[in-house]
Amino acid sequence: QVVRRCVQQHGENWLYRPLQIALGLLHKMGGKEGVTVHSFELWEGANLVAGELGVCVGGCYTSYTGFRDPAAASAGTLQCMCTALVLQSQGFAFEDLGMDMTYKRELGARVLPREVFLAKFHAARELTPPPALKLPRTPARHLLLLSRDKADGVLKSAPGKSSPQMQSRVGGAAPSSSSGKAV
């Protein structure tokens with residue numbers, strides 16, 4: 001559903017049908033050569049209001065693309081914040097946010113010079129991957145009310161279902177950039 005919604009919002013562009021199929025297969029296989037495919041989803045009741053595709057390599061998560069429902073105020077921002085908390089709670093060393101965009105900077109992202117980005121990425125990808133991101137739906141408010149240091153406990157205890165919620169499912173891929181990256 002996240003792949004379909006990303007294509008619906010941004011057009012097929014780089015996420016064209018053969019790549020969608022390949023990423024789906026990689027996800028179903030549980031990954032290959034240390035690369036796993038994921039999505040993060042934000043639900044409001046039964047409605048998927050924001051989502052993101054990405055891959056994990058070692059201790060690095062790279063966000064490839066995402067979508068938000070324009071009718072759900074701040075859903076994309078909330079999904080980004082919850083994704084960061086989940087990744088940190090699971091032991092990821094580095095989150096690559098891809099292209100520099102104003103909203104990412106407003107959320108605290110920094111653009112690194114290419115050499116610095118590559119050094120950090122190379123170090124993170126060599127780390128032992130954190131456990132698989134197959135998490136139960138977790139209410140976003142639980143993640144946001146806890147400090148980042150305490151987010152791990154809420155994910156392991158998997159509190160009851162209520163809106164909005166997020167969970168990990170399927171993911172995507174993106175072209176590399178020769179410029180600095182937002183992290």
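**Bridges, bonds and burial**

Modeller: A search of the whole structure finds zero disulfides. This is a predicted model, in which local features need pLDDT of at least 70 and side-chain atom pairs count only at pLDDT 80 or more, while totals for chains, interfaces and linings use all residues. Residues are numbered from 1 along each chain as its sequence is written, and side-chain values use heavy atoms, with hydrogens and water left out.

Biologist: Why is Cys-56 too far from Cys-60 for a bond?

Modeller: A disulfide is a pair of cysteine sulfur atoms within 2.5 Å, and the closest cysteine sulfur to that of Cys-56, in Cys-60, lies 8.1 Å away, so the two are too far apart for a bond.

Biologist: What makes Cys-56 count as buried?

Modeller: Buried means under 20% relative accessible area, exposed over 50%, and partly exposed in between, with a 1.4 Å probe and protein chains only. Cys-56 has a relative accessible area of 5%, and is therefore buried; Cys-6, at 1%, also counts as buried.

Biologist: Why is the contact between Arg-105 and Asp-100 called a salt bridge?

Modeller: The term requires a side-chain nitrogen of Lys or Arg within 4 Å of a carboxyl oxygen of Asp or Glu, and these two side chains meet at 2.9 Å, N to O, so the contact is a salt bridge. Arg-105 is partly exposed at 47%, and Asp-100 is partly exposed at 37%.

Biologist: How many salt bridges does the structure hold?

Modeller: It holds two, and the side chains of Glu-126 and Arg-125 also meet in one, at 3.2 Å, N to O. Glu-126 is called exposed because its relative accessible area is 59%, whereas Arg-125, at 35%, is partly exposed.
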